[in-house]
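Hi there,

Here is the structure I promised to pass on to you. My notes on it follow below.

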Amino acid sequence: MSGRILRSWIEGIEGTILFDNIVSQITENNRPLNQNEKALAQVSLLERIKGINPDRLVALGKAASGVLSKLGLKHFEAPHPSGLNRKLNDKAYTQAMVKALQQFCK
C-alpha cells in the first residue's frame with residue numbers, strides 16, 4: 001500500500017530521488033529509536049545517500065526530516081505514505097503536498 005501511494009506521488013518526475021524514512025530497522029512494538037539507534041540510522045542514511053547520489057532528497061516523516069535538517073541536507077518533508085496515516089485522508093492536504101513535492105523535484 002505505501003509503495004503504491006508513494007509511486008502515485010512521483011508519477012512523471014524524472015531524475016534520481018531518494019525517499020527515506022531513516023529507520024532501516026523495525027523496533028519491538030514500533031517504539032521510537034533510542035539515541036544509539038538514531039546515530040546508527042544516521043550513518044546508514046548517509047551511506048545510502050552517498051551510494052545513490054540522488055538529485056533530490058525526500059524525507060518520509062518528521063524523524064527523517066529532522067535528521068536531514070541536522071545534517072544540513074536540503075530536502076522535502078513528506079508525510080509517511082502509510083495507509084494508516086490519517087493526514088492522507090484529507091484530499092486537499094494530499095493534493096497540495098503532492099503539488100509541492102513535484103515542484104521541489106523539478
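In which sense do β2 and β3 pair, and over how many bridges? They pair in the parallel sense, over three bridges. (Two strands pair if DSSP finds at least two bridges between them; strands, E runs of at least two residues, and helices, H or I runs of at least four, are DSSP runs numbered from the N terminus.)

Before I go on, some ground rules. This is a predicted model, in which local features need pLDDT of at least 70 and side-chain atom pairs count only at pLDDT 80 or more, while totals for chains, interfaces and linings use all residues. Residues are numbered from 1 along each chain as its sequence is written, and side-chain values use heavy atoms, with hydrogens and water left out.

**The sheet**

The three strands form an open sheet in the order β1-β2-β3, with parallel pairing. β1 and β3 are the edge strands, each pairing on one side only. From one strand to the next, the twist averages 25° (axes are lines fitted to C-alpha atoms, for helices over the stretch in contact, and angles run from 0 to 180 degrees between N-to-C directions). Ala-59 has Glu-77 in β3 as its bridge partner. Helix α3 packs on this sheet, touching β1, β2 and β3, and its direction makes about 135° with that of β2. Contact here means heavy atoms within 4.5 Å.

In α3 (residues 62–70), Ala-64, Ser-65, Val-67 and Leu-68 are buried (under 20% relative accessible area; exposed is over 50% and partly exposed in between, with a 1.4 Å probe and protein chains only). Seen down the helix axis, these buried residues fall within an arc of 160°, so they line one face of α3; the arc is that of the directions from the axis to the C-beta atoms. Lys-62, Ala-63 and Lys-70 are exposed on the face turned away. What covers the buried side includes α2 (35–52) along with β1, β2 and β3. After α3 comes Gly-72, with a positive phi near 75°.

In α1 (residues 2–9), the buried residues are Ile-5, Leu-6 and Trp-9. They fall within an arc of 95° and so line one face of the helix. Arg-4 and Arg-7 are exposed on the other side. Among the elements covering the buried residues of α1 are β1 (17–20) and α4 (91–104).

**A loop residue**

Asn-85 lies in the loop between β3 and α4, and counts as buried because its relative accessibility is 17%. A polar atom of its side chain lies 3.0 Å from the backbone nitrogen of Lys-87.

Best wishes

Key:
A polar contact is a pair of N or O atoms within 3.5 Å; within protein, one must be able to donate a hydrogen and the other to accept it, and residues adjacent in sequence count only if both atoms are side-chain atoms.
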